[in-house]
Amino acid sequence: MKTARVLCEEPPGKAIASRPVSSPSLAPAPEPVSLPKLTIAPRAKSSFRVSVRSAEFLRRYYPDATISEWNDWRWQNRNRVRTLAELQRMITLSDEENDAVKRHAGALPVGITPYYASLLDPLDAGQALRKTVVPVLGEYQLTRGENEDPLGEDSHSPVPGLVHRYPDRVLLLVTNFCSVYCRYCTRARMVGSAGERSVKKADIELALDYIEQTPVVRDVLISGGDPLSLDDDRLEYILGRLRKIKHVEFVRIGSKQPVVQPMRITKSLRQILKRHHPLWMSLHFTHPDELTPEVAEACGRMADAGIPLGSQTVLLKGVNDDLETLRKLMHGLLKIRVRPYYLYQCDPISGSTHFRTPVSRGVELIRGLRGHTTGYAVPTFVVDAPDGGGKIPISPDYAVGYENDDLLLKSYDGGTYRYPDSGPPLIIADGAHS
Ligand code: SF4
């Protein structure tokens, strides 16, 4: 682990604290440029911390911008890496990446915030984070069972932008914009399409009306795209409308913004979120390299605003499908006050074979965590069943059978134990019970 210095919300000239940074060091740029002197603007409005990595990246690639601009989430959006030329300026692309970017058309374009680009290794195409945001040719290979809408969301959509699959809750899709486009996105068919911000206000009204007129809906998950990419006013309007609906007990927001654009967690956003409790947040994390000081700050601020934080992680081949990486991620999440919630089997979206692991790998990984570490650090491994079956948990089999009336249980370290069960007997996975 390397140690880097971090600028912690101090005005220019103040002391700089030492702090470990887990992500790889900023490797030399493809084409070295002469670096102007770093000027740190007066205390940024958002007072957000900026790591040395971010500051150096800013100085190298956006020499005319200030720390204050870097800390403005709208500046981050305006300056996203979107084109082959912009990628090439920051990253030495492999031939495969180069060809894949050139070939791309339609939804799920390339989109990377400058902040997230600063976490990418410019020289190593095999770096985990880089694999998640830079296209490769595997995206164009279609294999058995893959399709554009593997979860059958479109067929459970009574009005545009709303999925009603489970009896008491709905998924409200308020935007198709994300600051960063993940190459394995389940909604690859829609995110970033048609000029990006193409969800119509009238459609959101229709969806809100549907919720209002459907009393069984007690829980609304706001997703997209990324809902926190909306302006504060828009978000406040949607949350306010939902809060006025008496049967909506509970609102959740699914977002990757705090991970790819932590400066989005401004004071005004936190105030809006606080006004609409009970509100929970599911944050999308992929790899421990995302656990930067900036992200820790963003999560800490949300937790201080009373928002329970859970994580969702997609299991991805060559990115996070080894026990050490996963354990490090889960432990790191607990340290920044995020409870690991779901580990997802990667959905069979078109062109996802290069990301998908066998389901048995996920079970193995959970076996490697359960009992070996804090229970809070063990997410539930789920397969989101194709065609609208919903999330189905899959776990290692710890109940192995019966002997007389005793249930035989395997412990995390392989020991066998008996529990005097009072029946009726548990159905064991292979049907063996006596
Ligand atoms: S942030 Fe979420 S919705 Fe956006 S591209 Fe990534 S996985 Fe898809």
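Reply: Gladly. Let's start with a cut-off: a residue is buried if 20 or more other C-beta atoms lie within 10 Å of its own, exposed if 12 or fewer, and partly exposed in between. By that rule, buried residues make up 39% of the 434 residues in the protein chain. Please keep in mind that this is a predicted model.

Me: What is the mean pLDDT of the protein chain, and where is the pLDDT below 50?

Reply: The mean pLDDT of the chain is 88, and 87% of its residues reach 70 or more. Residues 1-27 have a pLDDT below 50, with 50 contacts in the model beyond near neighbours in sequence. Residues 31-46 are also below 50, and that stretch has 22 such contacts.

Me: Why does L108 count as buried?

Reply: L108 has 23 C-beta neighbours inside 10 Å, and the cut-off is 20 or more, so L108 counts as buried. L108 sits in the loop between α5 (95-103) and α6 (114-117). Its phi is near 50 degrees, a positive value in a residue other than glycine.

Me: Is N404 buried or exposed, and how do you know?

Reply: N404 has 8 other C-beta atoms within 10 Å. Exposed means 12 or fewer, so N404 is exposed. Its place is the loop between β13 (399-403) and β14 (406-410).

Me: And why is Y402 called partly exposed?

Reply: Y402, in strand β13, has 19 other C-beta atoms within 10 Å. Buried needs 20 or more and exposed needs 12 or fewer, so Y402 is partly exposed.

Me: What makes L316 buried, and which residues does L316 touch?

Reply: The count for L316 is 23 C-beta neighbours inside 10 Å; with the cut-off at 20 or more, L316 therefore counts as buried. Leaving out residues up to four places away in sequence, L316 touches T132, Y184, T286, D321, C346 and F355. This leucine lies in the loop between β9 (309-315) and α13 (323-335).

Me: Why is strand β7 described as largely enclosed?

Reply: Five of the six residues of β7 (residues 250-255) are buried, so the strand is largely enclosed by the rest of the structure.

Me: How do you know that β7 pairs with β6 and β8?

Reply: Pairing takes at least two bridges. Four bridges join β6 to β7, which run parallel, and five join β7 to β8, also parallel. R252 is the bridge partner of L221, and R252 is partnered in β8 by W280.

Me: What makes β10 and β11 a pair, and in which sense do they run?

Reply: Strand β10 (residues 339-345) and strand β11 (residues 380-385) share three bridges, against the at least two that pairing takes. They run in the parallel sense, with L343 opposite F381. Together with helix α14 (residues 359-369), these strands make a right-handed β-α-β unit.

Me: What about β11 and β12?

Reply: Those two are joined by four bridges and run antiparallel, β12 being residues 390-393. V383 has I392 as its bridge partner. The hairpin has four residues between the strands, and D387 there takes a positive phi near 65 degrees.

Me: Which residues surround the ligand, and what makes the count of charged residues three?

Reply: The ligand is surrounded by C178, Y181, C182, C185, R187, V191, G224, G225, D226, K256 and H284.

Me: How do you know that the bond from G224 to G225 is cis?

Reply: Its omega is near 15 degrees. G225 lies in the loop between β6 (219-223) and α9 (232-243). A cis peptide bond also joins H277 and P278, with omega about 0 degrees. Most peptide bonds are trans.

Technical notes: Residues numbered from 1 in each chain as written. Predicted model: local features only at pLDDT ≥ 70, side-chain atom pairs only at ≥ 80, totals over all residues. Near = placed C-beta within 6 Å. Right-handed = clockwise from strand over helix to strand, strands pointing away. pLDDT = per-residue confidence, 0-100. Contact = placed C-beta atoms within 7 Å.
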